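Subject: Model handover and notes

Hello,

The model is below, followed by my notes on it. Please read the cut-offs along with the values.

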Amino acid sequence: IRPFDQRKMRVGFAARFDQEKQPDFYMDLIEMYHNQGHVKDIEFAVFQGGPLRSNNPRYIERARKLEAEGKLKIYENLKKNDYYNLLNDTRVLFNCALQDWVSNTVSEADTLGSNVLYPAYRSFPETFADDPNRLYVPWSIDDAYHKLENLLETPHHNIGLISNWTDGTVDRIVDIL
């Protein structure tokens with residue numbers, strides 16, 4: 001696992017680009033960063049296991065426009081190991097989904113030492129043990145923006161707790177059975 005201070009100043013988005021994942025919110029956040037002049041050589045990225053696609057073509061058009069402007073890097077057709085290598089060199093994995101309960105992406109990023117920033121929505125507060133530094137108020141771009149700034153700078157002291165808890169899921173189920 002790459003040390004945090006040696007990682008690229010990158011924010012990744014690993015969800016599908018469908019409407020319920022709110023890719024517009026992520027792209028609004030990217031534009032807010034650029035409009036505020038706080039870019040600091042930050043690479044905003046999308047990680048996809050196939051070609052970038054969506055149930056709303058407008059999201060693809062907007063993402064391609066941001067890519068052409070140099071504000072977004074789209075990594076497509078990634079093999080799992082390529083994705084893990086990117087996570088291992090990413091400082092923050094960002095999520096803004098409205099329909100996720102527990103996401104594999106949070107466990108993967110947490111395992112590989114990335115900070116994670118997710119909405120305080122559905123089961124994420126439980127997954128994150130109500131961590132106020134890694135959960136943002138849903139739909140609050142200002143809250144997400146300010147928390148992202150902090151998570152880009154230093155590794156959060158709870159990195160590894162989510163993946164350690166998830167790793168014990170089978171044991172807990174067996175105990176219950």
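Buried is used here for a relative accessible area under 20%, exposed for over 50%, and partly exposed for what is in between, with a 1.4 Å probe and protein chains only. The model is predicted, so local features need pLDDT of at least 70 and side-chain atom pairs count only at pLDDT 80 or more, while totals for chains, interfaces and linings use all residues. Residues are numbered from 1 along each chain as its sequence is written, and side-chain values use heavy atoms, with hydrogens and water left out.

Overall fold

Helices (H or I, at least four residues) and strands (E, at least two) are DSSP runs numbered from the N terminus. The chain has eight helices and six strands, in the sequence order β-α-β-α-β-α-β-α-β-α-β-α-α-α. Its radius of gyration is 16 Å, close to the 16 Å that the globule rule gives for 177 residues, so the chain is as compact as a globular protein of that length. That radius is taken over C-alpha atoms, and the rule is 2.2 Å times the number of residues to the power 0.38. Along the principal axes, the C-alpha atoms fill a box of roughly 50 × 35 × 30 Å. Of the 177 residues, 54% count as buried. Contact means heavy atoms within 4.5 Å. Among contacts with a separation of 6 or more, 70% are between residues 24 or more positions apart.

Nonpolar cores

In soluble globular proteins, nonpolar side chains tend to be buried together. A nonpolar core is taken as a set of buried Ala, Val, Leu, Ile, Met, Phe, Trp, Tyr and Cys residues joined through side-chain atoms within 4.5 Å. The largest one has 32 residues, of which Phe17, Tyr26, Phe44, Leu72, Phe94 and Leu148 touch the most other members. Two or more residues each come from strand 1 (8-13), helix 1 (23-36), strand 2 (43-47), helix 2 (57-68), strand 4 (90-94) and helix 6 (141-153). Helix 1 gives the largest share, seven residues. Another core lies apart from this one; it has 18 residues, including Tyr75, Leu86, Leu87 and Val116.

Phenylalanine 44 is in strand 2 and is buried, at a relative accessible area of 1%. Beyond its neighbours within four places in sequence, Phe44 is in contact with Val11, Tyr26, Ile30, Tyr33, Lys71, Leu72, Lys73 and Leu148. Its C-alpha atom is 13 Å from that of lysine 65, which is 21 residues away along the chain.

Helix 4

Six of the eight residues of helix 4 are buried, so this helix is largely enclosed by the rest of the structure. The buried ones are Thr105, Val106, Ser107, Glu108, Ala109 and Asp110. Their cover includes helix 3 (80-87), strand 4, strand 5 (115-119), helix 5 (124-127) and helix 7 (161-167). Serine 107, within helix 4 (residues 104-111), has a relative accessible area of 11% and is buried. Leaving out neighbours within four places in sequence, Ser107 touches Ile162, Ser163 and Thr166. Just after helix 4, glycine 113 has a positive phi of about 80°.

Glutamine 22, in the loop between strand 1 and helix 1, has a phi near 55°, a positive value in a residue other than glycine. Gln22 is buried, with a relative accessible area of 16%. Arginine 122 is in the loop between strand 5 and helix 5 and takes a positive phi of about 50°, although it is not a glycine. Arg122 is partly exposed, at a relative accessible area of 40%.

Cavity

A cavity is a set of points, on a 1 Å grid over the protein atoms alone, where a 1.4 Å probe fits but cannot get out; lining residues have an atom within 4 Å of a point. Grid points are joined across faces, edges and corners, and a volume is the space filled by probe spheres set on the points. The structure holds one cavity of 30 Å³ or more, and the largest cavity contains about 40 Å³ of space. Its lining consists of Gln22, Phe25, Cys96, Ala97, Leu98, Pro119, Tyr136, Pro138 and Trp139. Eight of the lining residues are nonpolar, one is polar and none is charged. Here Ala, Val, Leu, Ile, Met, Phe, Trp, Tyr, Cys and Pro count as nonpolar, Asp, Glu, Lys and Arg as charged, and the others, Gly among them, as polar.

Regards

Methods:
On a 1 Å grid over the protein atoms alone, a cavity is a set of points where a 1.4 Å probe fits but cannot get out, and a pocket is an open set with protein on both sides within 12 Å along at least five of seven lines; lining residues have an atom within 4 Å of a point.
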